[in-house]
Structures are given as structure tokens and as C-alpha cells.
Amino acid sequence: MALPTFPLETKTPAQEALRDEVRAFLAEALSDLPARERARSWTGFDADFSKKLGERGWLGMTLPKEYGGHDRSAVDRHIVVEELLAAGAPVAAHWIADRQSAPLILRHGTEEQRRTILPRIAAGTCFFGIGMSEAGSGSDLASARTRAERTADGYVLNGTKLWTTYAHKAHYMIVFCRTGQAESRYGGFSQVLVDMSLPGISVSPVLDIAGEHHFNEVSFDNVLLPPDALLGKEGDGWAQVMSELAFERSGPDRFLSSFVLVDELLRCLKRMPGPAETSDLGRMVARLMVLRQMSLSVAGRLARGEQPVLAAAIVKDLGALFEQDVPEIARRVLREDASDPEYAAVFRRILLAAPSFSLRGGTREILRGIIARGLGLR
């Protein structure tokens, strides 16, 4: 099932042509990839596939051309990302770098970092990890304990980050850490750019519920960082990380992680005798369309340089609810059918992954606290 197009998000013939081009490419590139593998969604890692996207100009799309980008609109990027996720393409290699690290470096990095790192991100050959969560703090970033101490030669980084997706394959990590003291609970934080090949960094695998290795624990033991490792201004880390989370929380990945199961469900229903129950499916599609328009709206605000933290949190919260409902709807509409092993494999994969949908990018409780604060309710 391909995602339908609607006037609100595909406004020009050029954008319609872009969607058609991406779909045609994916139909050929993923023709031999079974649904059970496509169900990994954006946790599927394939460096060669990411490089092919870079060669087609579908990474770093909104970056300036002078930094290897393509000066295209947020809507263009949204179209490409949506089609990749709907098809279950293996996008994990470039995902973090393209989604949030590149915009952060563009805004807060040095000119040398922009010229050396951003073109590699756009080419699909430079991968990033997220250094935010820690053991004992989870989604409460203000309780982070990792610290970068200023020295005459730069910074010394010590601490541990947890749940760092594909850190074992990342070239860089942007680490949220303490660099000073502050009266405010949200003060004294900064972000530093860490080359993952530096001495003192150890990466330990953390297996998920399916026994697969996506997550890691990353420890920093007196890691020496150069002065230009600091992104932005010292002490501005909280505001910067909130901006970064707006990119992380508002994209199509927040409501399309279960889409391959939707696709497989419809495939099975089409060959069943008699009419299928459509009320659940109708509600599911309606929710999907609303989330798409909300996500696109946030993308537009980000492109204008705004920081829609509240709107992004709402998209993420509602998206997680939708994604976790998909396997339950599938269970009601079509009981797991052992006669179709591909559908059964996809269903089991999404069912095992579903609990994580309301954890990654911020737990439901943290998100609803952000929403309540943004609405003046706390």
C-alpha cells in the first residue's frame, strides 16, 4: 500500500514528480527485501543503501549547496522521508545525521565543521549517534551527569550514555553534558561534538527484547576533546537540545514505524473471502492523515527557524499512541494467520517493538509534562 497524496502536502508538479521518482526507485531497490526485514522500519542499517540515497540528492536536502546540500524545501524532504518509511527502507545508517545532527551543526558548528562534515552527511557516508539518555535519568535530560571539564587544550569528557542507537557504527556523537554550575535546573549544560575514534571511548552492546543489537552503552573515560568540540555557546545546551528534539520528535518516523504491518494487513485482507471489518481500518487511516498534516506543519516551522517544541511533543505523543494501536487493530481485524508466515513474522516484530514507541525520543510522561507546561497548565 503506497501512501496517498493530498493537496495539503504535495503542492507542485515538481513535488509530485519527486514522490513518483522515490517510489519507483524504492520499488526496484527493495524488490528482494522481504516484509519481515522491511518491518524494521528506520532501525534497518544498510550503509550502501544510504550512499545510494546521497548519490540521488535525497540526503541533506535542506542544507545549503555550499555545504554539500541541495537547497530544497522541508516539504521535499518530508516527501522523501515519508516514502522511505512507508516502504520500510533500511535508513538507520544516515538517519540521525540527516534528521537532527546536520541542522544542529549548520546552526551551531564551526565553519570548518560545516565544510568537512555536512557534505559527508549529504553523501550518506557519515553516521551519527545521539548522546542524550543516561542510566538513572532516562527522558529527564536535566538529571544528566556526564561532564566536560574545560582545560587549556579544550575539554575532558567523562560519563556514560545509554540507549545510543548504532553508536557502534557511528563516526560522531553529539553529547549533551554538564560544563558548569547554574542555579536553574536547566542551566550549565552544553553540547559537544565527539569523534567516536578518540581514545577513552568504549561501546558496549545492549540487546533489545528480540535479542537484536541496535542499542549501546557508551562510556567516556577522560576523553580529550579539542576546543572546537563545543557546539554553540557554553551553557546553551538545554535550548539547543530542545531544538534538536523538535527535529527528532516531529518527523514521519513517529507514526510510520508500524506501517509495514498496515501494508501486510491490507494484503491479507484483500485475498480473504467476504467483506472485511472496515471501521477500525477507517479510524486508523483517519488518524494517520491527521498525523501527517501535523508533522508537515512542524517541518514548515522548523524550516522557518522556529522551535516548535510543544507541537513536536504533541506529534510524538499522538504518533506513539497510533503506532502502538496498529498491532492491536491488526489483531482485531485479522487474527495472526499461521498460513501466511510473512504476515505472522511482521506482526511479531511490530508487537515486540511496540512498547519502545512510547519510550524513544522521550517517554509519554515527560512529553505530557512538556505539553502541559506549554499550555500553561503546570
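The axes of helix 5 and helix 6 (residues 111–122) come within 10 Å and cross at roughly 165 degrees. Angles over 145 degrees count as roughly antiparallel, and helix 5 and helix 6 are therefore roughly antiparallel to each other. Their crossing is left-handed. On the helix 5 side the contact is made by A97, D98, A102, I105, L106 and R107, and on the helix 6 side by Q113, R114, I117, L118 and I121. By class, this contact of helix 5 with helix 6 has seven nonpolar, one polar and three charged residues. The model described here is predicted.

Two further helix pairs follow. Helix 10 (residues 309–333) and helix 12 (residues 364–374) have axes that come within 9 Å and cross at roughly 140 degrees. Helix 10 and helix 12 are therefore oblique to each other, and the crossing is left-handed. Helix 10 brings V309, L310, A313, I314, K316, D317, A320, L321 and Q324 to the contact, where they meet R364, L367, R368, I370, I371 and G374 of helix 12. Nine nonpolar, two polar and four charged residues make up the contact of helix 10 with helix 12.

Helix 8 (residues 259–270) packs on helix 9 at an angle of about 145 degrees, and the two axes are 13 Å apart. Here too the crossing is left-handed. F259, V262, L265, L266 and L269 of helix 8 make the contact with L281, M284 and L288 of helix 9. The residues of this contact are eight nonpolar, no polar and no charged.

The table gives the geometry of each pair.

| Helix pair | Axis distance | Angle |
|---|---|---|
| Helix 5 and helix 6 | within 10 Å | roughly 165 degrees |
| Helix 10 and helix 12 | within 9 Å | roughly 140 degrees |
| Helix 8 and helix 9 | 13 Å | about 145 degrees |

The pockets come next. The largest pocket holds about 1100 Å³ of space. Its lining is made of 45 residues, and W163, T165, F215, S356 and R360 lie nearest its centre. Both helices and strands take part in this lining: helix 5 (92–108), strand 6 (201–207), strand 7 (213–225), helix 7 (237–250) and helix 11 (341–353) each supply at least two residues. The lining of the largest pocket divides by class into 23 nonpolar, 13 polar and nine charged residues.

The second largest pocket has a volume of about 510 Å³. It is lined by 26 residues, of which T62, R77, P103, F247 and L302 are the closest to its centre. Helix 4 (74–87), helix 5, helix 7 and helix 9 (279–303) each supply at least two residues of the lining of this second largest pocket. Helix 5 gives the most, with six residues. By class, the lining of the second largest pocket has 14 nonpolar, seven polar and five charged residues.

The structure holds four cavities of 30 Å³ or more, and the largest cavity has a volume of about 40 Å³. The residues that line the largest cavity are F45, A92, A93, I96, F127, F128, Y166, K169 and A170. Helix 5 gives the most to this lining, with three residues. The lining of the largest cavity has eight nonpolar, no polar and one charged residues.

Helix 5 packs against helix 6 in a left-handed crossing, supplies at least two residues of the lining of the largest pocket, gives the most to the lining of the second largest pocket and gives the most to the lining of the largest cavity. Helix 7 supplies at least two residues of the lining of the largest pocket and at least two residues of the lining of the second largest pocket. Helix 9, which passes helix 8 in a left-handed crossing, likewise supplies at least two residues of the lining of the second largest pocket.

Definitions and conventions: Residues are numbered from 1 along each chain as its sequence is written. This is a predicted model: local features need pLDDT of at least 70, side-chain atom pairs count only at pLDDT 80 or more; totals for chains, interfaces and linings use all residues. Side-chain values use heavy atoms; hydrogens and water are left out. Axes are lines fitted to C-alpha atoms, for helices over the stretch in contact, and angles run from 0 to 180 degrees between N-to-C directions. Helices (H or I, at least four residues) and strands (E, at least two) are DSSP runs, numbered from the N terminus. Angles under 35 degrees count as roughly parallel, over 145 as roughly antiparallel, 65 to 115 as roughly perpendicular and the rest as oblique. A crossing is left-handed if the near helix is turned anticlockwise from the far one by less than a right angle, and right-handed if clockwise. Contact means heavy atoms within 4.5 Å. Ala, Val, Leu, Ile, Met, Phe, Trp, Tyr, Cys and Pro count as nonpolar, Asp, Glu, Lys and Arg as charged, and the others, Gly among them, as polar. On a 1 Å grid over the protein atoms alone, a cavity is a set of points where a 1.4 Å probe fits but cannot get out, and a pocket is an open set with protein on both sides within 12 Å along at least five of seven lines; lining residues have an atom within 4 Å of a point. Grid points are joined across faces, edges and corners, and a volume is the space filled by probe spheres set on the points.
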